Amino acid sequence: MTKRVLVTGGTGYIGSHTTVELLEAGYDVVIVDNLSNSERSVLGGIRKITGRTVPFHKVDCGNLARLRRVFARYGFDAVIHFAASKAVGESVEQPLLYYRNNLVSLMNILQLMREFRVPNLVFSSSCTVYGQAEKLPVSEQTPRREATSPYGNTKHICEDIIRDSVAAYPEVHSIALRYFNPIGAHPSAEIGELPRGVPNNLIPFVTQTAAGIRPMLSIFGDDYNTPDGSCIRDYINVRDLAKAHVVAVGRMVDGRMKAPFEVFNVGTGRGVSTLEVVRTFEQVNNLKLIYKIVGRRAGDIEAVWADPAFANKELGWKAETSLEDTLRSAWAWQRHLDAKNKKNQ
Ligand code: UFG
């Protein structure tokens, strides 16, 4: 029988790409999203790519009663829980919003999984739990460090809530995926990242600068202890990341987990500097970016990249898309958005 997955935050950036990959792998999907940081039109993009209409419920995962109605209506085999607030800076200004939203949502999901006997949870965690590690790359054994923002702390605490819940409730299993820096868009350019207002993250800022929406890109610091002085990250193609969720769900529903709670790093294993990203973007898309070096951004860590060996071996998953193709896809998506906006004017 076809397995059905509840995707919370399914109209968001990673959620929408994961929904597409789940559908293409033969799963049924139901999306809940409160549309706080995404748009209903994303469902149209998913339909264009897959030819399938996904049931959608505009529900906030903080609302237990409304979420319960979704669980009561469908039988789920697994939940992928993306729905969360994710802006580091905003979390410093509004910590209670972040703690309430991110923690209560997860606890509601876990409660309903127990009530409705849904055994499998894939959780969106982040490499933010490692902070600035002493040794690079970071493996799953690298000790977690105290978070530098309320947002980061919610990921830390959510992992702990899952660990304790799985230990106490044998009917619940979970895989936490620690994402590195997801970038790019679906190769069809039908779905991608949809930042609201001024983007916080590097790639949407880069593509909006290239499109002339922003006058110039600021590079936050060139005095780090790295080969070119800019920060280093592990930029992972969003579709590759989405596929990691599909294999994680498969591992759970097929009963192939080796422990009731497993954690995997989802990265490429390659550290790339901010300046390298900018240069590669210019080169593959044949354009020039206006940028200047400015001071460091508060809270940025110098360098982090993944040791993905455990995920490669255990999940049989590997990041496949080159940085070049990923940066091409990011630009194609920006042009798609610009064309759509022009048409709507
Ligand atoms: N950067 C710039 N200019 C910009 C934006 C970013 O130079 O306009 C630099 C940053 O200083 C950083 C790199 O580009 O060195 C990547 O920055 P992002 O904001 O894209 O990503 P971060 O690594 O800061 O943050 C990401 C996620 C967070 C998560 C964090 C975990 O967005 O949700 O990784 O390390 F918490």
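Trainee: By class, which residues does the lining of the largest cavity have?
Mentor: That lining has six nonpolar, four polar and one charged residues. Here Ala, Val, Leu, Ile, Met, Phe, Trp, Tyr, Cys and Pro count as nonpolar, Asp, Glu, Lys and Arg as charged, and the others, Gly among them, as polar. Please note that this is a predicted model, in which local features need pLDDT of at least 70, side-chain atom pairs count only at pLDDT 80 or more, and totals for chains, interfaces and linings use all residues. Residues are numbered from 1 along each chain as its sequence is written, and side-chain values use heavy atoms, with hydrogens and water left out.

Trainee: What counts as a cavity, then?
Mentor: On a 1 Å grid over the protein atoms alone, a cavity is a set of points where a 1.4 Å probe fits but cannot get out, and its lining residues have an atom within 4 Å of a point. By this rule there is one cavity of 30 Å³ or more.

Trainee: How much space lies in the largest cavity?
Mentor: About 90 Å³. A volume is the space filled by probe spheres set on the points, which are joined across faces, edges and corners.

Trainee: And which residues line the largest cavity?
Mentor: Among them are Gly184, Glu193, Pro195, Trp333 and Leu337. Helix 7 (202-210) and helix 11 are the elements giving two or more residues to this lining. Helices (H or I, at least four residues) and strands (E, at least two) are DSSP runs, numbered from the N terminus.

Trainee: Changing topic: at what angle do the axes of helix 1 and helix 8 cross?
Mentor: The axes of helix 1 (residues 13-24) and helix 8 (residues 238-253) cross at roughly 60 degrees and come within 8 Å. Helix 1 is therefore oblique to helix 8. Axes are lines fitted to C-alpha atoms, for helices over the stretch in contact, with angles from 0 to 180 degrees between N-to-C directions. Under 35 degrees counts as roughly parallel, over 145 as roughly antiparallel, 65 to 115 as roughly perpendicular and the rest as oblique.

Trainee: Which residues make the contact?
Mentor: Helix 1 contributes residues including Tyr13, Ile14 and His17, and helix 8 contributes residues including Val238, Arg239 and Leu241. Contact means heavy atoms within 4.5 Å. The residues of this contact divide into seven nonpolar, three polar and four charged.

Trainee: One last topic: is the peptide bond from Leu136 to Pro137 cis or trans?
Mentor: That bond is cis, with omega near -5 degrees. Pro137 lies in the loop between strand 5 (120-126) and helix 6 (150-168).

Note on methods
1 Å grid on protein atoms, 1.4 Å probe; cavity = no way out; pocket = protein on both sides within 12 Å on 5 of 7 lines; lining within 4 Å.
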